[in-house]
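Welcome to this short tour of a protein model. Take a moment to look at the sequence and the structure below, and then we can walk through a few of its features together.

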Amino acid sequence: MKYHHIKVKINTKHKPSYFTGSMLRGALGYSLKKVTCINPSYKCQGCFAQSSCLYYSFYEQPNSFHKYRFEIELGSGKFDFGLYLFDDACESLPYVLSALEMTITQSGLTKNNYRFWDMQMWLNGELIYDESSFLSLDIPPKTFEIDSFTPNIKIKLLTPLRIKKNNQFLRDDIDIEDILRSIHQKAQEFNTGQKAFKLDYTPTYSTIIKAITYKPLLRKSNRQNKRMSMDGIVGEIAIMGIDERSYKLLKLGEIIGVGKQTVMGLGRIELEVL
């Protein structure tokens, strides 16, 4: 799998809301449609360009795995964020960057439409935007690969993890298999376009220590004009003696996210070596 990782730093004294994921996704969508739409009616339904439209594939296409996700930090007090593009979405990088710049400097963020000009962008670790202008974009996508393995790790659940099991969202506990199955399912959707409801192997590990909690979280949906639950599990899980295949899946989960609503920044995990 290839991917781009965009990091945005905005220098301002303004403070965003506790959960920025919904705001960022909505604001980018508004600008992305302006950048990419070629339909005079400006409507997606029945549009002749659906099959090649980046906005449609990111926001309107039903029953599809979105090939991007925001990376956020809850309650950081900053507008800084990250954005991942996956596989063929990498080819649309110029459109995404143009929409990001439009969002931040012209359209604005939050209900106050704050506009910012003092910002920087990085692409795969290299500075590409500074002093209100883009620098070189001749940076190839990264390729997911594992060059090391350690069996003793800690999984940090940094933003609410929303995983359904037996038709209900997990609240009080979560198994490593639940996390691995979610990542495996996303990976299969990437690779084959088909959902995988089971792991095709049996994970092995010797010890687990959990320090997790259920975190309530709401977002305002302007489209549906109501508040929607973004509740999920946060905390840390320590694992000893995990097998290499499971370790690789968890490392993939750091990039593509885990569970539902990852496009808004939920299901963000990080691994730490013990």
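The lining of the second largest pocket is made up of 10 nonpolar, 9 polar and 2 charged residues. Please keep in mind that this is a predicted model.

How much space lies in the second largest pocket? It holds about 420 Å³. The pocket is lined by 21 residues, and those closest to its centre are Ser52, Cys53, Leu54, Ser57 and Ser92. Two elements give two or more residues to this lining: helix H1 (21-36) and helix H2 (54-60). The largest share comes from H2, with 4 residues.

Next, we turn to a helix. Helix H5 covers residues 244-256, which makes 13 residues. From its first C-alpha to its last it reaches 19 Å, close to the 18 Å expected at 1.5 Å a residue.

Which residues of H5 are buried? They are Ser246, Tyr247, Leu249, Leu250, Leu252, Gly253, Glu254, Ile255 and Ile256. These buried residues pack against several strands, namely E1 (2-10), E2 (68-71), E3 (81-86), E8 (153-161) and E15 (269-273), and also against helix H4 (176-192).

Both ends of H5 are worth a look. At its start, a side-chain oxygen of Asp243 comes to within 3.3 Å of the backbone nitrogen of Arg245. Just after the helix, Gly257 has a positive phi of about 85°.

That brings us to backbone angles. Most residues other than glycine have a negative phi.

| Residue | Phi | Loop | Relative accessible area |
|---|---|---|---|
| Gln261 | about 60° | between H5 and E15 | 28% |

Gln261, with a relative accessible area of 28%, is partly exposed. Gln261 also leads us back to the helix, as its loop lies between H5 and E15.

Technical notes: Residues are numbered from 1 along each chain as its sequence is written. This is a predicted model: local features need pLDDT of at least 70, side-chain atom pairs count only at pLDDT 80 or more; totals for chains, interfaces and linings use all residues. Side-chain values use heavy atoms; hydrogens and water are left out. On a 1 Å grid over the protein atoms alone, a cavity is a set of points where a 1.4 Å probe fits but cannot get out, and a pocket is an open set with protein on both sides within 12 Å along at least five of seven lines; lining residues have an atom within 4 Å of a point. Grid points are joined across faces, edges and corners, and a volume is the space filled by probe spheres set on the points. Ala, Val, Leu, Ile, Met, Phe, Trp, Tyr, Cys and Pro count as nonpolar, Asp, Glu, Lys and Arg as charged, and the others, Gly among them, as polar. The expected span of a helix is 1.5 Å times one less than its number of residues. Buried means under 20% relative accessible area, exposed over 50%, partly exposed in between (1.4 Å probe, protein chains only). Contact means heavy atoms within 4.5 Å. A polar contact is a pair of N or O atoms within 3.5 Å; within protein, one must be able to donate a hydrogen and the other to accept it, and residues adjacent in sequence count only if both atoms are side-chain atoms.
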